[in-house]
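Subject: Structure for you, with notes

Hello,

Here is the structure I promised. Please open it alongside the notes below.

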Amino acid sequence: MAVLYLSAFWLIQANWPLTMAAAKLVTGWMACTILAIARYGSHTTPPSETAWPQGHLFRIFIIGINAMVTIIFSTRISVWLAISIPVALGGLYAIGLGVLYMGITARAFRVIIALLTILIGFEIIYSAVERSILVTAMLSVINLGLALIGGYFLTIEESEVAL
Amino acid sequence: MNAPTIWIIIPLGLAFILFLLPSRDWVKYVAFSIMVLFATMAIALPVETTFQMGETMIKITPSLTILGRRFNIDSGDQILLALLYFSTALWLLAPKLAQTSQRFYSIAIGVTVILLASLSVEPFLYAALFIETGVLLIIPLLVKRGQSWSGAIRFLIFMSLAMPLILFSGWLLSGIEANPGDITLVRQVVILLAIGFAFLLAIFPLHSWIPKLTESSSLWVVGFVLWIFPTAIQLFGIGFIDRYSWLRDSPSLQQTLLTTGIMMILFGGVMAGFQRHLGRIFGFAVMVETGFSLLSIGLGSSTGIELFISMLLPRVISLCIWAYALEILSCSSVSLRFRDIKGLARQHPFAASGLVLSHLSMAGLPLLVGFPLRQYLLEATAAISSSYSLLIMIGLVGLFISVLRSLASLVMAPEKIIWTAQENIPQRIFLSIGSLSLIILGIFPQWAKPLLAQVPFLFDHIGR
């Protein structure tokens with residue numbers, strides 16, 4: 001996630017002032033820290049989601065499919081929204097990853113990570129069309145809020161397992 | 001002094017202070033007083049008018065700029081503000097239940113204020129960001145220990161997915177303003193908006209979080225969520241239609257709203273008729289209510305908007321009483337499945353009566369508060385197409401069947417169980433006043449007229 005936020009920062013700073021793009025990076029890393037603290041503070045082993053497709057091969061396959069779909073659509077999106085191809089590629093790829101991850105998990109914590117990934121993708125694309133400080137601030141609040149909710153879910157899950 | 005500071009920033013600050021306070025019973029009364037105070041101020045203090053307070057002349061200006069964007073509350077919005085705050089006060093007034101978290105009171109104020117901010121921000125499309133913030137605030141209250149969280153998670157997912165769609169469509173709308181003849185762009189915006197609002201309003205088939213939530217979360221909190229979010233989102237949607245003439249005058253939009261509304265009524269009503277869980281029935285009844293709201297907006301005239309506004313008060317009373325009654329019953333039963341609630345009406349007659357009355361009101365039984373509006377909507381849709389009114393009738397029949405099945409389960413018990421009222425005195429009073437108001441407002445619907453007089457000032461074009 002931290003690498004994803006760094007990549008997003010790299011793409012966003014092409015359209016935004018460095019300070020505002022840095023604010024996004026800092027917020028993203030704060031969200032990562034919250035999730036990491038919650039995850040490593042948790043002593044429960046997450047139950048395996050056997051109902052969902054598993055295995056490295058399957059994951060590499062869907063990541064490959066996502067990359068292909070992203071490459072196919074990024075040119076059209078870049079023309080439609082009048083944004084550069086790297087931004088469209090980065091944004092769409094992150095959105096696709098988030099949607100795929102959400103599709104193969106039912107665990108609350110992972111759903112939050114998927115939502116954050118979708119949000120990163122959206123923010124990359126949206127940064128090319130909107131530069132409002134209020135929107136940046138609100139999106140930062142939402143990022144942090146989602147991370148806190150993720151941490152909360154994990155804490156509740158652990159307390160239920162302990163009982 | 002400006003209106004957004006008075007009605008958004010100060011209540012939000014007070015909600016935050018309440019959140020930090022230790023869990024005490026008086027927090028609830030403070031929260032209730034805050035909402036009543038600010039609702040009363042919304043009625044008593046006119047915006048943009050100079051008035052005298054003691055020896056000081058005061059003028060409340062309508063706007064406040066934060067981070068380069070404007071929050072605007074003008075005199076036309078004040079009646080809506082008062083209505084929202086009084087309605088939230090009603091949720092805070094209900095006697096505390098064992099299952100209700102103490103944090104509910106501060107978070108309910110916070111969510112109400114944030115959703116009000118969503119309606120006052122300019123450009124108004126940023127509302128999607130505020131709605132998402134409100135969702136994040138309420139999520140912890142929807143997670144009930146020992147129960148499935150899938151409803152809460154789906155609620156979060158669907159609301160979160162709507163936000164980017166609405167924000168993108170807002171950006172594209174600026175392109176339409178510059179070039180109104182671009183049909184392709186208009187189509188793209190409409191598709192994005194439609195999907196975004198379908199997520200936000202849980203339009204079929206994106207409704208799955210509602211029955212899951214009503215099955216596994218605290219019904220009191222869910223009731224609040226199912227009242228405040230659809231209401232704020234529908235007002236946001238009307239604001240959308242009001243602002244853009246190409247959208248306002250589009251016959252296909254009206255047709256889409258009518259069709260979607262009827263589909264929601266039909267689906268929600270029929271599904272309610274087949275449920276065996278009181279919470280799930282509640283969820284599907286809320287879908288029917290959303291359907292009626294869409295139907296009224298789809299009528300497209302000022303009458304439609306008047307009907308929509310008229311439905312706000314009956315809706316909040318019905319949902320509040322229904323959710324409260326369900327929460328009382330759920331405290332006394334393993335679950336709200338029919339097999340587990342048999343005979344509960346004999347031990348909780350006030351809760352059972354409140355539940356049945358609010359259910360019947362939503363189904364449109366004559367002499368109850370839901371009846372006049374449903375009758376008017378049925379007449380209006382029959383004038384467009386008789387098949388429309390037939391489909392609505394089928395949905396309402398489904399709701400009637402569900403109320404009969406609920407009633408049968410609630411009173412069904414061996415003869416040896418005697419009738420006793422296990423609700424405490426405050427609960428009895430709250431449920432009795434609520435149930436009576438369902439009847440009285442049904443007999444005297446004209447009492448809502450003063451509210452309707454303000455409708456033309458709520459929206460610039462659509463209500464006039």
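One definition to start: a residue is buried if 20 or more other C-beta atoms lie within 10 Å of its own, exposed if 12 or fewer, and partly exposed in between, with C-beta atoms placed from the backbone.

This is a predicted model, in which local features need pLDDT of at least 70, side-chain atom pairs count only at pLDDT 80 or more, and totals for chains, interfaces and linings use all residues. Residues are numbered from 1 along each chain as its sequence is written, while chains are lettered from A and ligands numbered from 1 in the order in which they are written.

B:Ala202 lies in the loop between H7 and H8 of chain B. Helices (H or I, at least four residues) and strands (E, at least two) are DSSP runs, numbered from the N terminus.

B:Pro205 lies in the loop between helix H7 (183-200) and H8 of chain B. A cis peptide bond joins B:Phe204 to B:Pro205, with omega about 10 degrees. For background, most residues other than glycine have a negative phi, and most peptide bonds are trans.

**Another positive phi**

B:Leu367 is not a glycine, yet its phi is positive, near 80 degrees. The loop between helix H15 (349-363) and helix H16 (371-384) of chain B holds B:Leu367. B:Leu367 counts as partly exposed because it has 13 C-beta neighbours inside 10 Å.

**Chain B overall**

Chain B has 20 helices and five strands. Of its 464 residues, 55% count as buried. The C-alpha trace spans about 75 × 60 × 45 Å along its principal axes. A compact globule of 464 residues would have a radius of gyration near 23 Å, so the 22 Å of chain B agrees. That radius is taken over C-alpha atoms, and the globule rule is 2.2 Å times the number of residues to the power 0.38.

Two residues are in contact if their C-beta atoms, placed from the backbone, lie within 7 Å. Among contacts in chain B between residues at least 6 apart in sequence, 77% join residues at least 24 apart.

**Domains of chain B**

Domain 1 covers 1-122 and domain 2 covers 123-458. The bounds come from an automatic or database domain assignment. Their centres, taken over C-alpha atoms, are separated by 24 Å. The contact takes 30 residues from domain 1 and 34 residues from domain 2. On the domain 1 side, H4(B) gives the largest share, twelve residues. That side divides into 18 nonpolar, eight polar and four charged residues. Ala, Val, Leu, Ile, Met, Phe, Trp, Tyr, Cys and Pro count as nonpolar, Asp, Glu, Lys and Arg as charged, and the others, Gly among them, as polar.

**H8 against H12**

The axes of helix H8 (residues 209-216) and helix H12 (residues 278-298) of chain B come within 7 Å and cross at roughly 145 degrees. Axes are lines fitted to C-alpha atoms, for helices over the stretch in contact, and angles run from 0 to 180 degrees between N-to-C directions. By class, this contact has seven nonpolar, three polar and two charged residues.

**Chain A with chain B**

Here the contact takes 23 residues from chain A and 21 residues from chain B. H6(A) gives the most to the chain A side, with 14 residues. The chain A side divides into 19 nonpolar, two polar and two charged residues.

Best wishes
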